[in-house]
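Look at the structure below before reading on.

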Amino acid sequence: MKKVYNKKGFRSGLWFLLLATIGAMVTMLRLNDLDIMGIIKSSLMYLMCFFIGITHLYRSLNSKRSEEDERCDDERSELVGLKAGSKSFTICFIISLILNVFCILLYAFKRIEAILYIYIGFGIMSSVMFITIITTTLYYDKKC
Amino acid sequence: MKINYHRHNFHGGIELKNKVRELRTSSSMTQEQLAKLVNVSSRTIISLEKGKYNPSIMLAYKISVVFNTTIEDLYCLKENLQEEENSK
């Protein structure tokens, strides 16, 4: 049996292969319900998943490639990931707040009931994000 | 060596002056070779040399071991501290 050099890559490879297999099986079962474009779209997607899975598996079983992957996945790239995640979350939070205000103003001028439902949706999103920020801050404040 | 004390790096702090490029070129080493020795990507070495990224203590130590120097010397800690205090 071949040695696994990169467990993370091996796991993600297996996940992609599993996704491709399940997706292909579902598409096959629903072949009569789908139109030609739907079949092409899902086939391409699962084919892509299959190739990604195979590539990850191959790299995780190859010592040289795994070493390369390990070097690329260093402390700087971890920091980039953390910063990007944090920044994108903040941007999403600000956008949802702006949309909330926009919905309120739009409702005040137009008095369309549908806007209220959109406002509730964005309101829930903003609240969940706000609670998440507080809980994660408390968690990491205790942990670090 | 180019020194930009008041520019901010990726961490949001002031760019630290360092001797990584100086020591690497004097050892006739490429960025890729140094990256392989300390087990990071060459992109990280480029960022380190530019002062855009401040390494962890372990990475700074690994680099200082490669060049047979100390972290204090590699990262000109005394000078950087002095500059930081002056910029306040």
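About how many helical turns separate A:Glu68 and A:Arg65 in helix 3 of chain A? The two residues are separated by about one helical turn, because they lie three residues apart in that helix. Helices here are DSSP runs (H or I, at least four residues; strands are E, at least two), numbered from the N terminus.

The model is predicted: local features need pLDDT of at least 70, and side-chain atom pairs count only at pLDDT 80 or more, while totals for chains, interfaces and linings use all residues. Residues are numbered from 1 along each chain as its sequence is written, chains are lettered from A and ligands numbered from 1 in the order in which they are written, and side-chain values use heavy atoms, without hydrogens and water.

Ten salt bridges are found over all chains; a salt bridge is a side-chain nitrogen of Lys or Arg within 4 Å of a carboxyl oxygen of Asp or Glu. Three of these pairs are listed here.

| Pair | N to O distance |
|---|---|
| A:Asp73 and A:Lys8 | 3.3 Å |
| A:Glu68 and A:Arg65 | 3.3 Å |
| B:Lys78 and B:Glu72 | 4.0 Å |

A:Asp73, in the loop between helix 3 (63–72) and helix 4 (75–110) of chain A, and A:Lys8, in helix 1 (residues 7–29), are 65 residues apart, and their pair links distant parts of the chain. A:Lys8 is exposed, at 54% relative accessible area, and A:Asp73 is partly exposed, at 40% (buried is under 20%, exposed over 50%, partly exposed in between, with a 1.4 Å probe and protein chains only).

A:Glu68 and A:Arg65 also belong to a network of salt bridges with A:Arg59 and A:Asp69.
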